[in-house]
Structures are given as C-alpha cells and as structure tokens.
Amino acid sequence: MASMEVDSANSNASDPDNPRFSVNVLQLLKSAQMQHGLRHGDYTRYRRYCTARLRRLYKSLKFTHGRGKYTKRAITQSTVSEVRFLHVVLYMAERAWSHAMEKRQLPAGPNARQRIYLIGRLRKAVKWATLFAQLCASKGDSRTSLEAEAYASYMTGNLLFEQDQNWDTALLNFKRARAVYEELGKVGDLENQVLCRERVEELEPSIRYCLHKIGKSDLQASELLHIGEMEGPALDLFKAKLEAVMSEARSQQAVSMTEFHWLGHRFPISNAKTRVAILKARELEKDLQGSADSLPAEKRLSIFDKIFAAYHEARSSIRSDLVSAGNAENVKDDLSGLDKAVSAVLGQRTIERNQLLVKIAKSKLVRRHDEKNEKVTKPEELVRLYDLLLQNIADLSDLVSSGRDKRQEEVVFAEECSLKSIAFRGERCFYLAKSYSLAGKRAEAYVLYCHARSLVEDAIQKFRTENISDPKIIEELKTLIEECRANSCIEHATGIIEEVKAPENLSKKISNISLTGAEKKSVKYLLQSLDNYESAVGDSNIKTAPCIEAFPPAFRAIPRNPIVLDLAFNYIDFPSLENRMKKDRKGFISRLWG
C-alpha cells in the first residue's frame, strides 16, 4: 500500500535536469472517449480520432517518420522531453484497444481470422500501455505513475480475459488496477474522485467473472446477467464474453427443445438456430414478466427490442428452411404453422410494447412541465399510438383467423382480439375528444366524449357476455367511463358559457379590427380572402386582431406610354439644301488667298 500513496504538493517540484510531468490519465481518456464516439459505443469513430490525434502530435513535436519511406523512431526515456511524448504512447495504446473492440462488436461476432487479429491488437495495446507505465515511472510524478500502472494492468487483464486463459493472472491484474483506483479515489478534486469510483465499479464485474471461472465464486448465471446490464466502455469486453457464454448455454439447452406450443398446436423444431433464437426470446420474456414493476420503462423497451430481434431471427431461419424444404408437404406444413405461430407471438409482443408506450405517454400527459425537460405528450400522440394498436390487433386477428382448420383456442383468441379492439377504439376516441377540446371545438369534443363512453360501455358488456374476466382491464374501462362522463359535462357547460358570451366577444373582436396591422410581419388580410368563408373574429383559435388591408399599398407595376424608335431615319437620303443656305461674303484680300 505504500507504493500506492500519492505524494503531497511537494511532488510538483521537479528537478530541472530531470523534469517530472503530470498526466491525469483517467480524466484525459474519459473526456476523449465520451466526446468522440464511446458515449454511443462507436469504436470506429474513436479509433479514427486517436489516429488523427497522433498525426497532430507527431507534426507538432516534429517527430515524423520520414516522407516517402517509413523510418521507425522509438520513444525512449531520453526522447521524452515534454509531456506530449507521453500522450503519443497513451494514444497508441488507445488506438490499438479501440481497434480490437471494433472487431469484437461486429454484428455476427468475429470469425477465427478476425479473432486472431483482435488478440493481436490487444497485445499491441498491452505493449504500448506497458511502455507508457515505464516512461511515467521515470518521467512522471507519483500520481501519473500510479495511474499508468493501473492502466497497464487493466489492458493486460483485458488481453487475458479475451484469450480465455490464465484467469488467475487476469484476476490479479484487475485487482491491482482496482486497488490503485480505490486509493486515487480518496484524494484529488471531486471530478477525479467520481471518475475513479466509476472505474472501480466497471472493473468489479470482470473481477467477479474471473472468480467465477476459477471456481472461487458461487455466482449464478442470473447474477451474471444482472451484472451485464451495467453500462460503461470498460464493460463492453465483459458483455461480449457474457453473450458468448450465454449463447453457448442456450445451444446446450436447445437440444431438449423439440416443439413449439401455441394455442393448442405443437410444431416440431428441427433447426438448431431456430431453437436458440426462440429460447433466447423466452428468456427475455421471463425477465420482462418477472420484474415488470421494478424495471424502468426505458429498460423494458430495450428488452422488447431484443425480443423482437430474437423472434425475427427465428422467423428468418424458419423461412430459409421453408425454401429448402422442396416437395415434402408434411415438412412444409409444419414449417408454415411454426412461422404463423412465431409471427403471432411477435404480434402479441408488439401490442404489449405499444401498450407500454401508451402508458409512458399517459404519464407525461398529466404533467405541465416535465422534470427532465422532455417533451410533454399531446393527445394527438396518444391517438397515433392507439391507431398503431388497432392496426396491430387487426393484423394479429387476421393472422390467427387464417387457415382452414381452426381450434377452439384460436376462436377464443380471435374474440379476445375483437374485444380489445373495441376497448382501444373507445380510448382512442377519448383522446381524440381531448385534442378537439384543446382546440376549442366544444361541440365536436362533446360528441366524441359521448361516443367514447358508448364504445367503452359496449366493450364492458361484451367482456361480461363472453365471460372474460380481466379485473385490470375492466377497472380501467370503468375509470374511462367516469372520465368521459365528467369531460362531456365540462364541455357542455363550457360550450353554453361561450355561447352566452359569444355576442360580447364578437363585438369586442370587431372593435379590435385594425386597418393595416403594419407592425406585423406576416398578416392575413381580410380583403385577400373574400372568396373563402373563414371566421375572422368568431374563431377561438385566432389570437391576433384581424386586419383589413395593408396601407399604404405596396408598389406595383403599371403600363406606361410606348417608346417609339425611328429605325428608318438612317436609311433616308434627304435633298441637298446648300443652294438655300446663306453664303459668306469675302473681302478682296481674302479672295486672293481663298
């Protein structure tokens, strides 16, 4: 622990012959990563930034490597004459690491050749990180040296973690980095302490996974998944490793999964890829249902996206098998039924996701000002969401109703879809009435509230007739009936009040009519819309006083007298007038010289 202590202010006083440089490694890297791609997991952008940063450093330090032919120039202890040489080594390590992570995050995962290249880039990152630690030990102050050691240990742990070997050594490196960051988190300014604590939290899952691999931890698979939900650039390698482990476990479990059950049907699953995709979707559905109330809405939406991806993958593999099935009718029937079942389950999850979006929108509808400065929901957005729900219900009902041989479960499911459609229509009508109410259209809003109430009452009656007892839906519909009744009474009363005050308001607005309204930039004048019947003073949406015409009128082009050009003048030969001109009389002397 003595080697991890940070010197006091005296550490800044350096020897003139051997200057000591200070680099806040973690803060420098965090700032660069967050500003150049890693906030969104874009390692390609961050790698390009590191390359551009190195180019600028080489040029400013005049440390280039030749013009035409590459000439290697090593950075040694004697080379480091200023702190930017340390930055060069650090960004070389970051560039190699980001290149490795870019290969790790390929959509289908790295193949054998790409994995070899990935490990090679991680080795290169470890090489530059080790050189950075050695140079900081001789050229940096105590804090810089400690941070460089922690960075090198972290890179070494990443390499061993990716290689799936030497878990003891990887654990030792991760623990060494964690110990350094824990000590550094106790000193310095508040921002640096927060960064160190965040790095400690990011290292914890890798340490627990190493303990799990060497058999010194009783960590379960569910706890590993919970750890994988954490965010941070340092956890991306851990998440990729965890996903590989979980996919291997799913492949082992998929061997026992031979059938897909849906509405009384049993469809055989012969393709292993289809089994793994369906098994992954079911695991995500269990996570979604098990912690429905504890998970935040954004996290649940991300789980829905993963479920959709899994079912789409299963459906694509089913359709590929269907194309290659040939003339085997029994196989084609089974694959067609399985495709229909998976599509129906995908439709159900789509409806559940849209219902979650409706719930989020309703929670924002009642707020006047959102806490996170987010956009507050308008009733029109809820109308659009209910339109999507109605379309999803119609598609799902058509899918289930298709086919010749229908079972009782399919008939009951189709009836439930029709009942949900009526309930969604009632809620859509309610929020459509709200949008008309906000627009000041009282009569339309009153009629829509009454229609929504009748639709909801019809839905409740049909729920009871079909003996479908869902207390949650029935309670929501009853609450909606009360809201429809209350809002219709409010609209009725407001409409009567506005009708009583209409003559007074009309006269007041007519008295406010101005001739020009020249102070306004964009004004619609009454004389410009004489052919259109639009209320200028009776509409409640119009907030400005109407204007009659612009005065003084604008300049406009008018016709003028034509310009006559005499083109024939140059071609006319006029008679000579010299005989009619007055001649000058000359004297005697002038005649002699004339």
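User: In this predicted model, why are H14 and H15 called roughly antiparallel to each other?

Analyst: Their axes cross at roughly 165°. Angles over 145 degrees count as roughly antiparallel. Therefore H14 and H15 get that label. H14 covers residues 408-438 and H15 covers residues 442-465. The two axes come within 8 Å.

User: What is the handedness of the crossing of H14 and H15?

Analyst: The crossing is left-handed.

User: Which residues make the contact?

Analyst: From H14, they include Leu419, Ile422, Cys429, Phe430 and Leu432. From H15, they include Leu448, Tyr449, Leu455, Val456 and Phe463. By class, the contact has 16 nonpolar, 3 polar and 5 charged residues. Arg425 and Lys434 of H14 are among the contact residues, and Arg and Lys count as charged.

User: What about Cys450 and disulfides?

Analyst: The structure holds 0 disulfides. For Cys450, the nearest cysteine sulfur is that of Cys489, 8.5 Å away. The cut-off is 2.5 Å. Cys450 is in no disulfide.

User: What makes Cys484 buried?

Analyst: Its relative accessible area is 1%. Buried means under 20%, so Cys484 qualifies.

User: Why is Cys450 called partly exposed?

Analyst: Cys450 has a relative accessible area of 32%. Buried means under 20% and exposed over 50%. The value for Cys450 lies in between, so the residue is partly exposed.

Definitions and conventions: Residues are numbered from 1 along each chain as its sequence is written. This is a predicted model: local features need pLDDT of at least 70, side-chain atom pairs count only at pLDDT 80 or more; totals for chains, interfaces and linings use all residues. Side-chain values use heavy atoms; hydrogens and water are left out. Axes are lines fitted to C-alpha atoms, for helices over the stretch in contact, and angles run from 0 to 180 degrees between N-to-C directions. Helices (H or I, at least four residues) and strands (E, at least two) are DSSP runs, numbered from the N terminus. Angles under 35 degrees count as roughly parallel, over 145 as roughly antiparallel, 65 to 115 as roughly perpendicular and the rest as oblique. A crossing is left-handed if the near helix is turned anticlockwise from the far one by less than a right angle, and right-handed if clockwise. Contact means heavy atoms within 4.5 Å. Buried means under 20% relative accessible area, exposed over 50%, partly exposed in between (1.4 Å probe, protein chains only).
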